Amino acid sequence: MVNDFIDEISNQEAILKAKDLSVFYGSLQAINNVTFNIPRNKIISLIGPSGCGKSTLIRCFNRMNDLIPTAKVEGEIKYNDISIYSENSDPTDIRFKIGMVFQKPNPFPKSIFENVAFGPKINGFAKDNIESIVESSLKKSALWDEVKDRLKDNGLTLSGGQQQRLCIARALAVNPDIILMDEPASALDPISTSKLEDLIQEISSNITVVIVTHNMQQATRICDYAAVMMAGENRIGELIEYGTNDSVFGNPKDERTEAYVTGRIG
Ligand SMILES: Nc1ncnc2c1ncn2[C@@H]1O[C@H](COP(=O)(O)OP(=O)(O)OP(=O)(O)O)[C@@H](O)[C@H]1O
Ligand SMILES: [Mg+2]
């Protein structure tokens, strides 16, 4: 039934296509044979119990698992028509086009300005250009008004919610197509969370967002589609359901999804 839905999202609409994706850490298999298509300019939530492989899966999408020495990825991921694990794909380029925001905000120990200017500088943008990119990225991430008079302050002096928006501005500054977010709101208060949710909805007009969350209300509030992962007794995570929010939360096909979204397992 997962496959029926994958077929529904035509290849043209999909910006990312994962096929038969399995990930191993040494001899331990973390996820098995995940196949799904991610539609362009939509918000997709990735949900499931702790340890089922959500972080492992989204780290595949921009080759962040490359940074874990024991990790081995099998299968294929296509970003548009580029096979991102092929030998001629450059992980740095991929991470600019497919950015990532982590659970714990991780600004560089540099000024607010330099945090956002970092990517455009590496990409060789001119100085005037960089200033306007920094401003527009901070505006898009709804942080500009709070920091415009203190751009030289260290990014680490911001509050947690502001640091998270700074990290989003840093990701936006290189004009990504996709932003992967791994529980970006789990350390934020309700006001910062609500700002972050508004921001995610705004950027999704031209950016695809994949967001891991343990918050079912958050998933139903902001996402267009939901993907559910679950590990069986073998503790290997699989994709058990994928569909529109209405179907996954309102009329799930798999009884394990129903049990999870209603809080009976997990
Ligand atoms: N760097 C690593 N080395 C070895 N095993 C790992 C590593 N990272 C994750 N794992 C294992 O892979 C499995 C999936 O972990 P993962 O972090 O992807 O789960 P998750 O769904 O993101 O969980 P959570 O909701 O708690 O963040 C777990 O069994 C975990 O112990
Ligand atoms: Mg995780």
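This is a predicted model: local features need pLDDT of at least 70, side-chain atom pairs count only at pLDDT 80 or more; totals for chains, interfaces and linings use all residues.
**View 1. Polar contacts to oxygen atoms of ligand 1.** A polar side-chain atom of K54 lies 2.7 Å from an oxygen atom of ligand 1, and a polar side-chain atom of H214 is placed 2.8 Å from an oxygen atom of the ligand. G53 takes part through its backbone, with an N or O atom 3.0 Å from an oxygen atom of ligand 1. The protein covers 64% of the 630 Å² of accessible area that ligand 1 has on its own.

**View 2. Strand β9 and its parallel partner.** Strand β9 (residues 225-231) is mostly covered, with six of its seven residues buried. Strand β3 (residues 43-47) runs parallel to β9 and is joined to it by four bridges; within this pairing, L46 stands opposite A227 in β9.

**View 3. The hairpin of β9 and β10.** Strand β10 (residues 237-244) pairs with β9 in the antiparallel sense over seven bridges, and V228 stands opposite E241 in β10. The two strands β9 and β10 form a hairpin with five residues between them, and in the turn R235 has a positive phi of about 65 degrees.

Methods. Residues are numbered from 1 along each chain as its sequence is written. Chains are lettered from A and ligands numbered from 1 in the order in which they are written. Side-chain values use heavy atoms; hydrogens and water are left out. A polar contact is a pair of N or O atoms within 3.5 Å; within protein, one must be able to donate a hydrogen and the other to accept it, and residues adjacent in sequence count only if both atoms are side-chain atoms. Accessible areas come from the Shrake-Rupley method with a 1.4 Å probe; for residues, only the protein chains shown count as cover. Buried means under 20% relative accessible area, exposed over 50%, partly exposed in between (1.4 Å probe, protein chains only). Two strands pair if DSSP finds at least two bridges between them.
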